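Here is a friendly walk through one model, written to be read alongside the coordinates. Please keep the viewer open as you go.

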Amino acid sequence: MGWSLLLLLTHAAAFLVARPKASSSAGFVVGAMDQPAPLPAAKAGDRQRPKPPSVHAGLLAELNASDLKGEEYDKAFAAIFREWIKRDLRGALLFAFGPESGQRSKQVGRECEEALKGELLAQAMQVGQWISSGYFGSRSGEVAGAWAKALVEAGPQREIVMEALPHLPKPARVEAIDELCDTAKDHELAELRRWMVPESQGGLEDYAKRVVRFSGDDAENIFAGEDDPKVLEELCKAYKQRHVDSLPATEAVAAALKFPESYCGELLKEIAGRESGGMAGFTAMLSEMDRLGLWEGLPGECEQEILSSGIEAHYGSYSLPEEVLAQLGGISRESTRLAAFKEAGGRVAGRAGEALVNAMEALPQGKERDALIEGIWDGAMKFSDETAARVLASVSDPGLRARLQASEAGEAEANEGVFPLSPSD
């Protein structure tokens, strides 16, 4: 045994023998939590953060300077810090979580978790007052997280954390709410929402899941009165996950009527992109949207995004373009059907190539074929002169043909002098 270790243990022994018994926080009785007392008012002096008591810090400094390593070091650290927790919890918390603590909080959590949790429970009201006073500064959130976690896991003592919410600094409140929301009770939800900090995201996802769980299928009650976009979005996600994700596409579309308008478009894009149901399920979904009058309430760009999502998701299940076109031809709403043909032409042109042109020529002349041609022309497909002539000859709308011819001429002019028409060397 080295002299430094001997000195360390001698000092530690002297300190442990001489220490007075720790006193419990005034007004706090473990187990008597049915009607917890209010938090004590913060004292002005609590905002001053003195250096940790030198006797504890000195013992740990000597430990760090000793030749102890590995398991022996961990045991010595735990013995000293556990005693610090009992003698001076506030100083120990400042040491473990304070602004200059570095990685010490991880070491404390690893070696002294149960001892720290026990003392946090024993002095629950006092610790809450320290946090609310701002004593721990920028690290108040970490201390509050450890404190709230201990109390929430203890069951009835979670009420102390609930009562503390109005008094806690914002970072501490975020951490406390995060711990509370995962197991929140129905009667606690309104108070949790009142003190929530939505921009921090702390506890928001768990809060939304608990609201949906306790509200059942009552979507109107879930969304009513919520005006924060972040909270509303999480409520929509939670409701969708619990009540919509398992439904077939056509039933899921009907459920979209229950959602706020701001989220409806995103939901429909997600339903359109589902792998189940194939192209037939997708086109049935589009017709159901028409029957329910959902198209009229959506932003203009939303139709294209829904079509893009569905066609991209389902085209791969068909080997020939004409199979895709046959399914799209069953869409009941004309404007949506034409937009779907155009989207299909542009989205798959680069992959289908000549087969898509053949499928286009097999369609009867009319709006659907013209819409498909417009999509093909604007898409990624590269035409030979012969293919371009075939495509243009298939257009029935003179105005569309003129526009396509003009775009072809403009592209040729732009490429003049850049890509020679024939090799010159």
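The report below goes from the overall fold to helix packing, and then to single residues.

This is a predicted model, in which local features need pLDDT of at least 70, side-chain atom pairs count only at pLDDT 80 or more, and totals for chains, interfaces and linings use all residues. Residues are numbered from 1 along each chain as its sequence is written, and side-chain values use heavy atoms, with hydrogens and water left out.

**Overall picture**

The protein has 23 helices and zero strands. Helices here are DSSP runs of H or I with at least four residues, strands are runs of E with at least two, and both are numbered from the N terminus. Of its 425 residues, 45% count as buried, where buried means under 20% relative accessible area, exposed means over 50%, and partly exposed lies in between (1.4 Å probe, protein chains only). A contact means heavy atoms within 4.5 Å. Among contacts between residues at least 6 apart in sequence, 69% join residues at least 24 apart.

The largest nonpolar core has 117 residues. Such a core is a set of buried Ala, Val, Leu, Ile, Met, Phe, Trp, Tyr and Cys residues joined through side-chain atoms within 4.5 Å. The residues with the most contacts inside it are Phe81, Leu93, Trp147, Leu268, Met285, Met289 and Ile306. Helix α3 (residues 70–87) gives the largest share of this core, eight residues.

**Helix packing**

Two packed helices are described by the angle between their axes and the distance between the axes. The axes are lines fitted to C-alpha atoms over the stretch in contact, and angles run from 0 to 180 degrees between N-to-C directions.

| Helix pair | Axes come within | Crossing angle |
|---|---|---|
| α16 (residues 278–292) and α17 (residues 300–314) | 9 Å | roughly 160° |
| α15 (residues 261–272) and α16 | 10 Å | roughly 150° |

On the α16 side, the contact is made by Gly278, Met279, Phe282, Met285, Leu286 and Met289, and on the α17 side by Ile306, Leu307, Gly310, Ile311 and His314. These divide into eight nonpolar, three polar and no charged residues.

Helix α6 (residues 124–132) is largely enclosed by the rest of the structure, because eight of its nine residues are buried. Among them are Met125, Trp130 and Ile131. Just after α6, glycine 134 takes a positive phi of about 80°.

Glutamate 303 lies in α17. Leaving aside residues up to four places away in sequence, glutamate 303 touches Trp295, Arg333, Ser335, Thr336 and Ala339. Its C-alpha atom is separated by 8.3 Å from that of alanine 339, 36 residues apart along the chain.

Arginine 369, found in helix α21 (residues 367–378), is buried, with a relative accessible area of 8%. With residues up to four places away in sequence not counted, arginine 369 touches Met360, Glu361, Leu363, Pro364 and Ser394.

Conventions: Ala, Val, Leu, Ile, Met, Phe, Trp, Tyr, Cys and Pro count as nonpolar, Asp, Glu, Lys and Arg as charged, and the others, Gly among them, as polar.
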